[in-house]
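Student: I would like to go through this model step by step. Please start with the terms.

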Amino acid sequence: MTSIAIVFHSGYGHTQAVAEAVAAGAAQVAGAQVHLVPADQAEAKADLLNGADAIIFGSPTYMGSASAKFKEFMEWSSKIWYGRGWQDKVAAGFTVSASQSGDKLGTLIQLSVFAAQHGMVWVGLDLLPGNNNSNGSVEDLNRLGSFLGVMAQANADQGPEGVTDADKKTAAHLGKRVAEAAARWKK
């Protein structure tokens, strides 16, 4: 069995919708056990995180950065960092904001640096950008053109239903990719 933990903060439900899509993708891989862990429950689930083969990080992008609630989780992990408890685990990340750009790259960079500080092995998104030519569509996978992780967009005046199907499919693709990578890395 390969254990995949998805640690996320969701202020308005959008990031949770993306986390659930990531989980659905990871669950497609034979032998994958997938665990959704809200960031504010991470301390209570420390054993699960420490035993995971991969941890996928998800945060909304607020003001060009991970949310304060997700930062609390990051800072909580400093004792694990000091003991190198997550070293060599597979890691990946995703983020969502209301704007097309919304400075989401800043959040993905923050998440990848966080993983690097822990000595984790980052897995990016292997999809070419979608919706970037005259034959493209907002229904394309990776429609926002990210390589570091999943960027999703949801309208500010909608709840979780505002996360597009294309972004959910992109998130599922990342989840599956991470679960496959973790299974290979574990051998």
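Tutor: A salt bridge here is a side-chain nitrogen of Lys or Arg within 4 Å of a carboxyl oxygen of Asp or Glu. The model is predicted: local features need pLDDT of at least 70 and side-chain atom pairs count only at pLDDT 80 or more, while totals for chains, interfaces and linings use all residues. Residues are numbered from 1 along each chain as its sequence is written, and side-chain values use heavy atoms, with hydrogens and water left out.

Student: How many salt bridges does the count come to by this rule?

Tutor: One of them joins Lys71 and Glu75, at 3.8 Å from N to O. Another joins Glu180 and Lys176, at 3.9 Å. By this rule, the count comes to five.

Student: Which residue forms a salt bridge with Lys186?

Tutor: Lys186 lies in helix α6 (residues 165-186), and its partner lies in the loop between α2 (46-51) and β3 (54-62), 133 residues apart from it. Helices (H or I, at least four residues) and strands (E, at least two) are DSSP runs, numbered from the N terminus. The closest N and O atoms are 3.5 Å apart, and the partner is Asp53.

Student: What separates Lys71 and Glu75 in helix α3?

Tutor: The two side chains meet in a salt bridge. Both residues belong to helix α3 (residues 68-76). Because they are four residues apart in that helix, the separation is about one helical turn.

Student: Is Glu75 buried or exposed?

Tutor: Buried means under 20% relative accessible area, exposed over 50%, and partly exposed in between (1.4 Å probe, protein chains only). Lys71, at 28%, counts as partly exposed. Glu75 has a relative accessible area of 51%, so this residue is exposed.

Student: What percentage of the 187 residues of the protein count as buried?

Tutor: The cut-off is the one for single residues, under 20% relative accessible area. Applied to the 187 residues of the protein, it gives 50%.
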